[in-house]
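User: Hi! I am new to reading protein structures. Could you walk me through one, feature by feature?

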Amino acid sequence: MAAADELAFHEFEEATNLLAQTPNEATTRGDQLVPQQHVAVAMDSGGSYGAEDEVEENDKTALLQEEKQQPGFWTFSYYQSFFDVDTSQVLDRIKGSLLPRPGQNFVRHHLRNRPDLYGPFWICATLAFVLAITGNLTLVLAQRRDPSIHYSPQFHKVTVAGTAIYCYAWLVPLALWGFLQWRKGVRERMGPYTFLETVCVYGYSLFVFIPTVVLWLIPVPWLQWLSGALALGLSAAGLVFTLWPVVREDTRLAAVLLLSVVVLLHALLATGCKFYFFQPLPLEPAAPPHQATSQPPTVLLSSPPPRSAAA
C-alpha cells in the first residue's frame, strides 16, 4: 500500500497558492514560444536564469540576412560567391576527378549543389602555363642531345595554350548545357545540371593532364603515349559517369551520340596538345662542305716584239 500511495498524485500547497496569486504570469509564460534549434541559458552571479536577449538579437540578424536581396549578375558580389571555397573542398573535388567510380556522381557527391569557379580557373591557368613551359623545355633538351636542332624561345605558346584551354573549358560546357536544355523540352523526365555545375565538372576533369604533361618531358615515345592514354581515360570516365544519370533518361541513340561526342572532343584536346606543344623542331640546314676545285694551270704567253716601222 505504501508503494501505491507514492505513485498517486499529490497536490502541493505552495504551488497551488502561487498559481492562485499570479494566474496571469503563469499563462503568459506558457504562451511564449521558444525558437527551435536555439538553446541559450543565461545565469547571473546569483545563480538565477536571465532573459534570452542575445538569442533574440541573433535571430533578428539571421532573418535580416535571409531577407537581403541577391546581388545582380553584373556586380562583383555576385561572382564572389563562386570563389568562396576552402582548401579542403578543392582537394576533395580534385581527388574525386582523379578517381572516378561507376555509380558515383561528381556533382552530387563532391559539388553538393555548390559549384565553384576557383578550382576550374586555376586548373586551366596552371595547365596552360605547364603546357607552354614543358613544350619549350622539351625543345631545349632536344637541342642539347642534337646540336643541329635550332631553338629559339617560343613565348607565343603561352597565348595559344591559354586560349585553347579556356575556350574548351567554357565553350564546350556551354554547348553541352544548351543541348541538354533543348533535350529537356523533348524529354520531360530529364533534369540537366546548371551551367556552372557543367563548367565546374569540365574544369576539374582537366587536372589529371597537369602531371601528365610534366611526364611528357621524358623523351620516351611509348611512355608519353601511355601516360596520355591513361590521363584521357580517367578524365573521360569522370565526365561519362557524371553525365550518364542525366542522359539515360533520353533515347539510347541520343545518349550514346552525346557521350561519344564528349569523349571525342576530350581526345582531340589531348592529342592536339601533344602534337602542337611537343613537336620536334626541324633540323638546322647544314652548310654544304667546302670542295676544293681544281683549276687549270695558268699559262703565261709572251707577247711578240713590236715591229719596227722600217720593216
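Analyst: Gladly; we will go from the whole protein to a helix, then to pairs of side chains and single residues. Keep in mind that this is a predicted model.

User: What share of the contacts in the protein comes from residues 24 or more positions apart?

Analyst: Here we take the contacts with a separation of 6 or more, and residues 24 or more positions apart account for 71% of them.

User: Now a single helix, please. How do I read helix 6?

Analyst: Begin with its length, then look at its sides. Helix 6 covers residues 87–98, which is 12 residues. From first C-alpha to last it reaches 17 Å, close to the 16 Å expected at 1.5 Å a residue.

User: Which residues of helix 6 are buried?

Analyst: They are Val90, Arg93, Ile94, Gly96 and Ser97. These residues cover an arc of only 160 degrees around the axis, so they sit on the same side of helix 6. On the face turned away from that buried side you find the exposed residues Thr87, Leu91 and Lys95.

User: What covers the buried residues of helix 6?

Analyst: The cover includes helix 7 (106–111), helix 8 (118–145), helix 10 (195–205) and helix 12 (221–247).

User: Next, salt bridges. What is the general idea?

Analyst: Side chains of opposite charge can pair when their charged atoms come close. A search of the whole structure finds 2 salt bridges.

User: Where do I look for the one with Arg93?

Analyst: Look at Asp116: its side chain meets that of Arg93 in a salt bridge, at 2.3 Å from N to O. Asp116 lies in the loop between helix 7 and helix 8 and Arg93 in helix 6, so the pair ties together parts that are 23 residues apart in sequence. Both Asp116 and Arg93 are buried.

User: Which side chain meets that of Arg183 in a salt bridge?

Analyst: That of Asp250, with 2.6 Å from N to O. This pair links distant parts of the chain: Arg183 belongs to helix 9 (residues 156–186), while Asp250 is in the loop between helix 12 and helix 13, 67 residues apart. Both Arg183 and Asp250 are buried.

User: Let me try single residues. Is Ser205 buried or exposed?

Analyst: Check its relative accessibility: at 6%, Ser205 counts as buried. Ser205 is found in helix 10. Leaving aside neighbours within four places in sequence, Ser205 is in contact with Ser97, Ser235, Leu239 and His266.

User: And why does Thr271 count as partly exposed?

Analyst: Thr271 counts as partly exposed because its relative accessibility is 29%. Thr271 is in helix 13 (residues 252–277). A polar atom of the Thr271 side chain lies 3.3 Å from the backbone oxygen of Leu268. Thr271 and Ala229 are 42 residues apart in sequence and 9.5 Å apart in space, C-alpha to C-alpha.

Technical notes: Residues numbered from 1 in each chain as written. Predicted model: local features only at pLDDT ≥ 70, side-chain atom pairs only at ≥ 80, totals over all residues. Heavy atoms only, no water. Helix = DSSP H or I, 4+ residues; strand = E, 2+ residues; numbered from the N terminus. Expected span 1.5 Å × (residues − 1). Buried < 20%, exposed > 50% of the residue type's maximum accessible area, 1.4 Å probe, protein only. Arc of directions from axis to C-beta. Contact = heavy atoms within 4.5 Å. Polar contact = N/O pair within 3.5 Å; in protein donor to acceptor, adjacent residues only side chain to side chain. Salt bridge = Lys/Arg side-chain N within 4 Å of Asp/Glu carboxyl O.
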